[in-house]
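Please keep the structure in view while reading.

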Amino acid sequence: MDERLPLIVVTGFLGSGKTTLIRRFIETPEGGDSGLMVNEFGEAGVDHRLLVHASEAVELIDGGCLCCARRADVAKAMHDLVRMAKNGSRAGGGLRRAILETSGLADPAPVIATLARDPWLKAHVRLASVVAVVDAVAGLRNLEYRPEARRQVAIADTVVLTKGDMRAAVPPAQLAAAVRAISPDARILDAQDETFRLADVLAGRDSLHAPPSPFLADAPEHDSEVSSFTLPLEGALDWPAFTLWLSALLHAHGDRILRVKGLLRTTSSDRPLAIHGVQHVMHPPTHLPERDAGPSFLVFIARGIRKAEIELSLARLLERCAPFAAREARTGRHDGNQALLLPH
Ligand SMILES: Nc1nc2c(ncn2[C@@H]2O[C@H](COP(=O)(O)OP(=O)(O)OP(=O)(O)O)[C@@H](O)[C@H]2O)c(=O)[nH]1
């Protein structure tokens with residue numbers, strides 16, 4: 001019997017739903033014994049904050065894609081997880097699988113090649129599956145215009161279709177046909193299907209068919225015009241005004257803002273919020289436990305938009321909010337919508 005630790009690589013374009021799938025899985029009894037490695041393109045990680053409550057073993061690799069800048073880090077994180085699996089250092093026993101979430105811009109092939117080249121890891125880790133997540137809202141466009149998205153699907157043995165519940169979703173058959181055009185042999189599963197089981201995808205029981213060799217190249221294809229920047233935020237934000245600002249910003253510039261995430265303290269809740277924008281769509285926020293209240297920040301991954309432009313637009317919003325916030329503090333009445341400033 002192969003006793004090596006199964007590794008499941010979860011890839012997929014920015015905001016497609018990788019963390020959501022992994023989080024749902026590790027919250028199930030079967031998924032609890034997973035060690036996680038999360039790679040974020042941005043400087044400040046958000047995903048691991050959403051995962052850390054459900055798993056005791058989460059390694060964050062942030063500030064760059066692991067297919068280029070952070071390759072050594074993933075090998076080190078993998079070594080740590082293998083040791084944890086062997087030593088049973090978690091309360092209640094060792095890990096039964098490792099799950100690696102790549103950044104949404106990563107080419108998974110060089111990462112897999114890096115792990116396969118390390119003799120110690122080869123002896124202790126078995127690549128069980130490469131899962132690509134493709135969402136039904138932005139996925140078709142991503143597959144058409146983003147080479148990273150195509151490479152992620154090309155190397156996957158399993159493709160999971162997400163966001164089929166959203167109003168703007170394309171029909172699953174249309175999305176599946178686009179996936180099949182790139183990867184004819186991949187198993188395609190719709191997360192909306194009644195028969196869909198996370199454990200069938202993420203438990204690491206199956207072994208994948210060999211990834212196509214042309215994709216195990218060393219040179220990831222990256223769009224050098226995509227960059228990430230972080231905006232630190234002070235104080236509690238006026239939530240209604242902020243959410244309208246961000247929605248308007250994504251509506252107008254979602255083709256260039258590939259992803260925005262953040263952790264925020266707001267006037268509307270004592271608990272910090274994790275916010276998610278994916279191209280033109282702002283998703284509902286997630287409440288985090290109060291203990292996560294740290295500094296607020298927004299991380300943008302964008303193409304052809306400068307940090308200064310967003311900073312200016314946000315500064316104008318905050319300026320406009322200030323008199324309302326002061327009046328609210330005096331009167332105790334919340335009237336945030338009036339503070340909306342639409343970006344130009
Ligand atoms: N309605 C709906 N929303 C979803 C679904 N899957 C993910 N989301 C939302 O989409 C947003 C992005 O999801 P994530 O799981 O963070 O996506 P990701 O692929 O990990 O994002 P990156 O790590 O930035 O590339 C979040 O607000 C999720 O709640 C889905 O199936 N349906």
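A polar side-chain atom of K261 lies 2.9 Å from an oxygen atom of the ligand. Such a pair is a polar contact, meaning two N or O atoms within 3.5 Å. A nitrogen atom of the ligand is 2.8 Å from a side-chain N or O atom of D165, and a polar backbone atom of S16 is 3.2 Å from a ligand oxygen atom. The protein buries 86% of the 650 Å² that the ligand exposes when taken alone (accessible areas by the Shrake-Rupley method with a 1.4 Å probe).

## Basis of the model

The model is predicted; local features need pLDDT of at least 70 and side-chain atom pairs pLDDT 80 or more, while totals for chains, interfaces and linings use all residues. Residues are numbered from 1 along each chain as its sequence is written, and side-chain values use heavy atoms, without hydrogens and water.

## The surrounding shell

The ligand is surrounded by 18 residues (each with a heavy atom within 4 Å of it); the closest are K18, T19, T20, D165 and R259.

Notes
Polar contact = N/O pair within 3.5 Å; in protein donor to acceptor, adjacent residues only side chain to side chain.
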